[in-house]
Amino acid sequence: MNSTVVSYLSQAPGYALAVNKLTELFGFDATGFVNFLLFFLVAFIVVNVMSAIGGLGTYAERKISADLQMRQGPNRVGPYGLLQFLADGVKMIGKEDVLPAQADRFLFLVAPLMCMVGVFASLAVLPFSNGFTLTNLNIGVFYLLGVSSLVGVGIFLGGYASNSKWSMLGGMRGASQIISYEVPVTLSILAIVLMTGSLSFDVITEAQGGLPHEWFVLHNPFTFIGFFVLFIGALAETNRAPFDLPEAESELVSGYHTEFTGMRFAFFALAEYVEVFVVCGVCAALFLGGYKVPFDLGTGELIMKTFPAVHPMLAKQIGNILQLKVFVLKTLLLYYVVIWIRWTLPRMRVDSLMVLCWKYLTPIALFNLVGCAVWLWAFEGKSVWTLIFKSGVAAAGGHH
Amino acid sequence: MSSHNLDVYMPVLILMAFAAIMVLGALLVGKLIRPHNPTELKVTPYECGEEPIGSAWSNFNVRFYVVALIFIIFDVEGALMFPVATVFKRFVEIGQGGAILGSFLLFISVLVLGVVYCWKKGDLDWVKSYQVSTDYNEKKDK
């Protein structure tokens, strides 16, 4: 077990004690067992918290849309209607599970499962903070691209298994849209991989700084455009408006989940909202500095220097919590933008959707990739600010 | 940091298992409380009140196939470029970035040619316009 969160927790004083006790008890080295238990616990917490975030996402969607349309939104269940998603969940569990007679029963079950498995597996590499990444894969970005396309498979299977024409059309559209937008997304992520020389989220985040001019989005003109290409592509990959054609309610009833009722439908919705969180997190980690706190507050070194009395472990933990907060804040800001876009822009037509992907985003992303490669080669990876500062210093020096 | 040990993938398996347990568990719990009363009308596919004609598993439009083909090319290209992108910075640092950049650009330019070809042929248009038949008629008139 080599997950970052476990290696972080293993610095806690109780860890060695527990390992020793269990080793005596079992008669063999219990490190692996304790690590497994620790990870199991952490994963359990993460899965639950992320499900709650997905549920709160539906609440936020309704509340923000209400706000934008000058309505009240849900406000009956719990304070400010915050527990609405729990009430919805309970209602969904009690709903009848209607299985269409001609449906493929096995695939009808597999489809929501595939969506949920794909989304939750992509949580494993999301860098919440320096000590709190579930696992630090050296192919993190590549892994994320691969696992998140399981959701596309789930959506297509949902459309196919229902044996309904609306579902089939929605599923086909979903599949073609998701694979099309995968191309610009992959290309703009490649540009960042090029700049850092690593596929690991940790290294990519550490290559940036806490302040906006140290983020990759403002590193050079190409990454600036690349961020928007990635964000638009991410919207399309999660089937969010203005790209929500697979579930376009005005033409396809409800698209790929027309025939799904109760919990099966709920899992499609939950997977979508958690996936939005994941892609917002990826955008934040790759382009917006991820968990980096301004002035290196996240490492805890400044706290140790200013207050020498503070235990180093405590300082590091305070830093970690700051990092976690910064990452979640950035992600939630992007989440808000996603919802804002949904309730502002009208849905695109299916042909203009494909034109946008293949005739605009893909060439722009290719151009960005080449631009980043040339920039890295010509300026040795210095950011545009470093270059301006240097030329400014050189010019000032020239006058004297 | 990350090693080549496969242990780092254990968390992935555990997370996937959690997701699967969540879905199956909720469906099983639901089975105990939810009503089960399928009627003949309830289990027909929804088609806005019309009686469904035929199966939905019929032939679908060939343009989805074209999109899938173009996607395969670009996805393989992306997969092939990941290793190059990963080592590129190290080559720049030791002063050999030019050669890698050259081959990188060559590789991309082949793909750009492919995009231009698809674009000119109209395969990137969702609704493809056929010019062929009119050309044929013009030739016949002569």
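Predicted model: local features only at pLDDT ≥ 70, side-chain atom pairs only at ≥ 80, totals over all residues.
A residue counts as buried if 20 or more other C-beta atoms lie within 10 Å of its own. V217(A) belongs to a loop of chain A, the one between α8 (201–206) and α9 (221–237). Setting aside residues up to four places away in sequence, V217(A) touches T223(A), F224(A), F227(A), F287(A) and L288(A). V77(A) is 140 residues from V217(A) in sequence, and the two C-alpha atoms are 40 Å apart in space.

M70(A) is not a glycine, yet its phi is positive, near 55 degrees. Y80(A), likewise a residue other than glycine, has a positive phi of about 55 degrees. Y80(A) has 13 C-beta neighbours inside 10 Å, so it counts as partly exposed.

The domain layout of chain A comes next. Chain A is divided into domain 1, residues 1–94, and domain 2, residues 97–395. Their C-alpha centres lie 20 Å apart. Across the boundary, 23 residues of domain 1 are in contact with 21 residues of domain 2. On the domain 1 side, α1 (4–9), α3 (31–68) and α4 (84–93) of chain A each supply at least two of the touching residues. The most comes from α3(A), with 15 residues. By class, this side of domain 1 has 13 nonpolar residues, nine polar and one charged.

Within chain A, helices α6 (residues 140–162) and α7 (residues 165–196) pack with their axes 7 Å apart and at an angle of about 170 degrees. Angles over 145 degrees count as roughly antiparallel, and α6(A) and α7(A) are therefore roughly antiparallel to each other. The contact of α6(A) with α7(A) is made of twelve nonpolar, ten polar and one charged residues.

Chain A also meets chain B. Here 63 residues of chain B are in contact with 74 residues of chain A. Three helices of chain B, α1 (10–33), α2 (62–93) and α3 (97–121), each contribute at least two residues to the side that touches chain A. The largest share of that side is the 16 residues from α1(B). The side of chain B that touches chain A divides into 44 nonpolar, twelve polar and seven charged residues.

The last topic is the nonpolar core. The largest nonpolar core has 142 residues, and among those with the most contacts inside it are C115(A), M116(A), F120(A) and, from chain B, L15(B). Helix α11 of chain A, residues 262–287, gives the most to this core, with 20 residues. Domain 1 (1–94) and domain 2 (97–395) of chain A each provide at least three residues of the core. Which residues does C115(A) contact, leaving aside its neighbours within four places in sequence? They are V151(A), G154(A), I155(A), F267(A), F268(A) and A271(A).

Key. Residues numbered from 1 in each chain as written. Chains lettered and ligands numbered in written order. Core = buried A, V, L, I, M, F, W, Y, C linked by C-beta atoms within 7 Å. Buried ≥ 20, exposed ≤ 12 C-beta atoms within 10 Å, placed from the backbone. Helix = DSSP H or I, 4+ residues; strand = E, 2+ residues; numbered from the N terminus. Domains from an automatic or database assignment. Contact = placed C-beta atoms within 7 Å. Nonpolar A, V, L, I, M, F, W, Y, C, P; charged D, E, K, R; others polar. Axes fitted to C-alpha atoms, helices over the stretch in contact; angles between N-to-C directions. Parallel < 35°, antiparallel > 145°, perpendicular 65-115°, else oblique.
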